[in-house]
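I opened the model today to go through its chain contacts. These are my notes, in the order I looked things up.

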Amino acid sequence: MQTSNALDPQSPQARAIYDLAIPSTIIFALIFVIVTGAIIYAILRFRGRAGEPDPKQIPGNRKVEIAWTIIPFLIVILLLVMTLSAMNRADPPPAPSPDLVVTGHQFWWQADYPGSGVITANEIHIPTGKPLSVRLESKDVLHEFWVPELTRKMSNVPGQPNHIWLQADKPGAYIGQCSEFCGTQHAWMRILVVAEEPSKFEEWQRAQLQPGLATTSDATAKGLALFQTLTCINCHAIRGVAGADLRVAPDLTHVGSRKQLGAGILENTPANMRLWLKSPQHIKPGALMPDFTFTDEQLDQLSEYLSTLR
Amino acid sequence: MNGTTTIAEFRDAVLDPAKRAHYRLAWLSTVDHKRIAVLYMLTALVFFIIGGVEALFMRLQLAVPNNHFLQPDTFNQLFTMHGTTMIFLVVMPVVFGLANYVLPLQIGARDMAFPRLNAFGFWCVPFGGILLHFSVLAGGAPAVGWFSYAPLSETPYSSSPGVDYWAVALFVLGIGSISFAINTIATVISLRGPGMTMRRLPLFTWINFVNAFIIIFALPVLNAGLAMILIDRLLQGHFFLPFRGGSPVLWQHVFWAFGHPEVYIMALPAFAMVSEIIPVFSRKPIFGYEFVAASSVAIAVLSLGVWGHHMFTVGMGRPLDVFFAISSMLIAIPTGVKVLNWTATMLGGRIRFDVPMLCCIAFLIQFLVAGLTGISHASVALDWQTKNSYFLVAHFHFVAVGAIVFAVLGAIQYWFPKMTGRMMSESLGRWTFWLMVIGFNMTFVIQHFLGLLGMPRRVFTYPDLPNWGWMNMLSTAGVFFMSASALILVWNLATSFFRGKIAGDNPWDAWTLEWATTSPPPHENFIALPPIRSRRPLWDIANPDRPDPVVGEVSAAVALPDHNKVGILSFILSETGFFGALILAYLYFYARPGAGPGPKELDVPRTLVFSVCLFASSFTFWRSEMALHKQKRGSTLGWLALTIVLGAVFLGGQANEYWKLFQSGVDLSTNMFSTTFFTLTGFHGLHVLLGLITLLIFLWLGWEGDSVSSKFDSAFKAAGYYWHFVDVVWVFVLLTVYILPLVR
Amino acid sequence: MTTYQFFTTAWTWNSIVLILSALAFVGYFLAFGQRGRLLYFAAAVVVFLLAFISPFSALANGYLFSAHMVQHILLVLIVPALLLLSLPWSFSLRPSLTYFSHPLVGWVAGVGAMWLWHAPTLCNAAATSRTVSAIQTTSLILMGSMFWWQVLAPREEQRLSPLAGIVYLFSACTACSVLGIILTFAPVSICPVYQHPVDRLGMLSTIRGDWGLTSNRDQQIGGLLMWVPMCAIYVTAILAQLARWHSGSAPQTEESNA
């Protein structure tokens with residue numbers, strides 16, 4: 001099962017942060033034990049009994065005060081040096097041009113690969129073993145890209161491109177989520193990073209560049225026709241379908257190949273596709289896709305068509 | 001009291017202090033700091049229950065994965081209201097209330113420096129709270145989080161008026177907080193009893209005094225930000241909208257420049273409470289008074305420069321990230337040192353484990369955890385994983401609940417006898433304490449791990465990932481213990497008020513002045529004050545064989561500054577933050593000019609002429625003051641009238657400039673220059689107008705013949721300070737807006 | 001040139017500076033003889049020399065705005081403070097100079113020094129002309145001394161009272177922070193000469209490349225230096241004031257226990 005455990009780093013960048021976390025936690029734990037120990041010692045050793053006279057009234061001790069100011073100061077310097085080193089390893093300067101551009105929308109992610117021209121949504125494929133320079137943007141409000149096992153989190157700020165490095169050591173599916181509150185469905189703006197061997201990644205890229213499959217049956221042909229006439233193309237793009245090139249909403253060219261729908265709210269099955277189309281607002285109230293009033297027949301045709309777009 | 005009261009009887013009742021006390025409206029019209037304090041605390045209690053119920057509902061929704069108990073939008077409104085309520089309507093009122101009650105007593109004063117301002121400050125709280133909650137009936141509560149990040153909080157993304165109610169409510173509450181801070185500063189500086197020098201102040205008073213300075217510097221910055229967001233939302237300004245040249249990150253800077261000091265504004269009073277209670281129940285003075293006092297000042301100053309640690313993931317650039325990390329880690333030192341001072345106070349003592357002390361012990365351990373997780377957030381790289389996750393939620397609840405709420409619980413149990421004359425029940429208090437310890441830790445310890453497992457904050461539900469389910473369920477379970485604790489607390493307060501054991505003057509054998517009078521104190525607080533030579537006057541009396549070392553000059557006959565002067569100077573200090581934020585925002589956009597109108601649209605020579613009028617009005621006011629000193633009524637009023645005329649001419653000139661700009665199509669919504677120009681000069685003009693109204697009132701009072709009392713003299717001088725200040729602000733505005741474009 | 005090479009070879013043996021420092025020592029002995037506190041004075045001279053002789057100075061002379069900012073801070077805060085601390089206890093200002101010892105004058109001098117020399121034309125002039133640079137150095141030390149006089153004058157009665165001193169220091173810290181904030185966030189170059197440095201030592205590629213300091217970052221760091229470290233100095237002074245305030249009554253203990 002996929003996890004998003006920050007304590008299980010799967011990339012050099014995440015490991016740099018983890019390598020800082022362990023010694024820091026040890027230092028904090030030591031401080032906690034020492035101070036709490038002193039408090040517990042005080043509680044046990046200096047219990048007062050009723051009627052006892054008041055003890056010696058000690059106002060303080062200058063030497064002790066100076067010592068316990070200097071020691072934390074030294075600890076702080078140590079932590080700072082460790083932090084600076086981790087920052088450099090987790091977040092080196094960006095490459096001159098990005099390998100991947102991730103744009104946040106309410107409530108989905110768009111992924112563009114400038115090198116190859118691939119455009120997809122929510123499910124981001126990367127080759128293993130290679131650091132990718134990622135530019136983060138936003139089309140509307142603040143979002144935040146966070147895949148704990150792979151990298152630091154970073155905000156998507158509208159009007160101010162940001163940058164992170166994204167890398168995975170091993171093939172696998174890594175999950176993450178938008179972590180800057182961005183509106184009603186902030187909770188379902190999940191991220192799926194699929195890391196593959198470089199050769200498999202090339203295959204995936206090639207497949208993504210193909211236009212949407214030509215329709216193979218009567219139902220899917222009708223589905224395509226519905227897609228073109230029922231205003232879907234006002235928001236969604238499908239490469240190869242005339243007129244469908246707006247990307248206000250996720251690109252659907254290969255929507256059938258994705259593992260999830262609705263930025264993680266549903267598993268991608270034809271039945272779920274149909275459910276989503278029937279009433280997105282019922283599944284993900286507040287998503288920017290309105291409810292349409294489709295007939296059952298139209299729903300069958302549309303969902304079948306879209307499911308073939310692998 | 002009943003329908004048949006005549007006007008004459010009403011007036012007699014109101015004018016006779018004894019009868020007034022029985023009059024039902026006495027509490028609503030009170031200006032007595034002790035009653036205002038109780039009002040503050042009761043209001044806080046009501047909102048605590050509301051905020052707690054909001055939290056309960058949230059945790060119920062989060063108890064299991066993929067839950068549909070609440071609609072997402074409802075949940076989002078709940079967490080926004082929960083945060084806003086707890087911070088502005090619970091913690092701040094309760095700490096202000098406690099300080100309001102105890103501080104004047106601790107310094108041997110009869111009341112706060114400005115009793116009516118005190119009442120005003122209190123009433124801002126229920127009115128602000130009602131305003132905020134009215135949004136529920138007017139299209140929905142705000143659903144943008146308690147810090148309301150732009151652009152989500154802007155009209156295109158939050159079209160219902162919830163955010164407007166939030167902003168205006170916070171504005172009102174902010175003004176109330178600033179009033180309280182001004183009052184605190186003036187009281188501590190000007191109203192100390194004989195022998196109470198600044199160096200003999202109890203730590204509770206000193207820390208609240210230092211805290212007041214943070215308030216007057218930080219709250220106005222919030223007000224500036226709120227003004228900006230309201231201008232964006234209601235007047236089509238563009239401060240924070242990128243597609244019109246604004247900057248979402250600017251909101252974060254302005255908000256957190258307030259927001260971080262705000263958390264110290266809440267925490268410092270908790271330190272103040274604990275610094276009183278731990279020594280009394282350890283039967284020893286605080287270990288290292290000077291260091292605790294100095295570290296409070298260090299925290300206050302440093303707290304104004306660490307806000308960027310809330311923005312480590314927004315892309316400020318490596319240099320800024322590093323510098324904020326440095327300053328944030330530095331502030332950990334004075335904070336941490338205090339924990340050691342409190343612990344050292346206990347060592348070598350004879351500790352009594354009454355409820356107030358139990359609360360302080362829990363405070364120490366929980367605050368330690370909070371501080372350590374705080375340092376982890378100051379470490380930028382660690383923050384890159386933990387920020388905006390449940391780890392952060394756990395951290396700030398350890399501060400807000402684990403430290404602050406526990407300190408307040410202890411403080412209530414400690415000072416309740418003084419306020420009511422009766423002790424709270426020890427056994428019910430223990431139930432409250434233990435249930436709260438169990439519930440609090442059950443809810444929030446596990447959240448550290450949830451955050452490390454990748455659960456972000458502000459999510460109305462979550463997928464069924466490994467361990468997330470049971471961890472959330474455990475976290476929800478803790479809420480029931482905390483709710484039970486709260487209910488028992490309320491029960492304890494109510495029953496103890498009516499049937500608690502009689503307390504006497506000094507049930508805890510404590511040493512500061514509030515325990516040197518009856519419980520509750522008489523209206524004027526003290527019949528007589530004991531001699532004050534050290535920091536613990538009552539210890540000296542009870543222990544003549546080993547009194548505390550004398551602090552400072554033995555007979556301290558201090559000439560205390562005039563409270564009106566201190567008050568107005570504090571107010572002026574608060575305004576520097578407000579105008580400072582507006583000027584910096586202006587400069588920020590000035591350095592990034594866009595298309596459209598710019599400073600070249602301004603008629604500099606004309607403005608200079610009108611400015612001369614304004615500056616001249618400062619001179620004429622000074623002449624008026626001189627005449628008042630010489631008791632020349634005619635001169636005084638004449639020069640004053642001239643001041644008013646000159647000020648009005650200036651405003652007229654401003655209005656004319658505005659008119660000309662409107663005529664040529666330049667208004668608030670045109671571009672960034674126009675938005676910032678009108679905001680900055682507009683608020684300055686508003687301050688001039690308020691000044692003119694004040695001066696008109698003085699003119700009227702003088703005309704009516706009230707101009708020779710010394711009270712008038714001191715108030716008139718104070719008004720003068722304000723008027724000169726308005727001029728000084730104009731100097732800066734003139735230089736920045738009108739002159740700067742000419743030289744660069 | 002590599003970083004190592006730079007830090008080992010770029011020491012400027014500026015004869016004027018060395019001669020002035022030697023003269024200063026002589027002058028100090030003549031004026032105060034044994035009554036002075038030599039250690040502080042030596043420290044002041046050492047800091048002064050470091051600011052002008054070390055490789056650091058080479059960076060400040062036209063390469064890095066942030067290095068020049070450090071120089072400023074040393075000259076306006078550190079060196080004057082050390083100089084004042086080196087004065088003997090009995091030192092007091094000549095009556096004709098008492099105007100300079102008014103708190104407001106001191107405050108304006110200290111804060112003004114920073115603001116003045118960051119006006120773009122003046123900043124540029126100081127970085128390009130030796131005369132202006134000399135004027136700048138002298139004025140910084142002088143104005144810094146006027147500022148610190150209020151807090152570090154040798155005789156108690158010539159200083160501000162501790163609490164007033166805290167207000168004095170805190171407001172100065174705020175005023176410098178505001179400038180620091182403006183410098184940090186200003187997208188335009190405040191001191192244009194640092195945007196296109198003349199590469200006399202062949203260090204530019206190392207600075208821009210190995211050290212990663214673009215001119216934008218450099219200005220940011222400069223602004224931040226004026227903000228955080230400078231304020232840290234003020235905060236330390238504030239804490240020293242508090243310490244002074246609290247320790248003012250030590251002798252009383254004997255009396256009250258008598």
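How many salt bridges are there between chain C and chain B? I found zero. I keep in mind that this is a predicted model.

I then looked up the polar contacts between chain C and chain B and noted three residue pairs, both residues at pLDDT 80 or more. On the chain C side, helix H9 (162-185), helix H11 (215-246) and helix H12 (252-257) each supply at least two residues that touch chain B. H11(C) gives the largest share, 14 residues. By class I listed 20 nonpolar, 10 polar and two charged residues on that side of chain C.

For the extent of this contact, I wrote down 32 residues from chain C and 33 residues from chain B. The buried area is about 2,800 Å², with 78% from carbon and sulfur atoms.

Next I turned to chain A and chain B. Here 84 residues of chain A contact 90 residues of chain B. The two chains bury about 7,100 Å² between them, 70% of it on carbon and sulfur atoms. Gln57(A), Trp68(A) and Phe181(A) supply 10% of the area that chain A buries against chain B, more than any other three residues.

I counted three salt bridges between chain A and chain B. I looked at the pair Asp91(A) and Arg318(B), whose side chains meet in a salt bridge at 2.8 Å, N to O. Polar contacts between chain A and chain B come to 31 residue pairs, both residues at pLDDT 80 or more. Among the elements of chain A that each supply at least two residues touching chain B are helix H1 (12-45), helix H2 (62-90) and strand E9 (172-178). I sorted that side of chain A into 46 nonpolar, 25 polar and 13 charged residues.

How values were computed:
Residues are numbered from 1 along each chain as its sequence is written. Chains are lettered from A and ligands numbered from 1 in the order in which they are written. Side-chain values use heavy atoms; hydrogens and water are left out. Contact means heavy atoms within 4.5 Å. Buried area is the accessible area (1.4 Å probe) that two parts lose on being put together, summed over both. A salt bridge is a side-chain nitrogen of Lys or Arg within 4 Å of a carboxyl oxygen of Asp or Glu. A polar contact is a pair of N or O atoms within 3.5 Å; within protein, one must be able to donate a hydrogen and the other to accept it, and residues adjacent in sequence count only if both atoms are side-chain atoms. Helices (H or I, at least four residues) and strands (E, at least two) are DSSP runs, numbered from the N terminus. Ala, Val, Leu, Ile, Met, Phe, Trp, Tyr, Cys and Pro count as nonpolar, Asp, Glu, Lys and Arg as charged, and the others, Gly among them, as polar.
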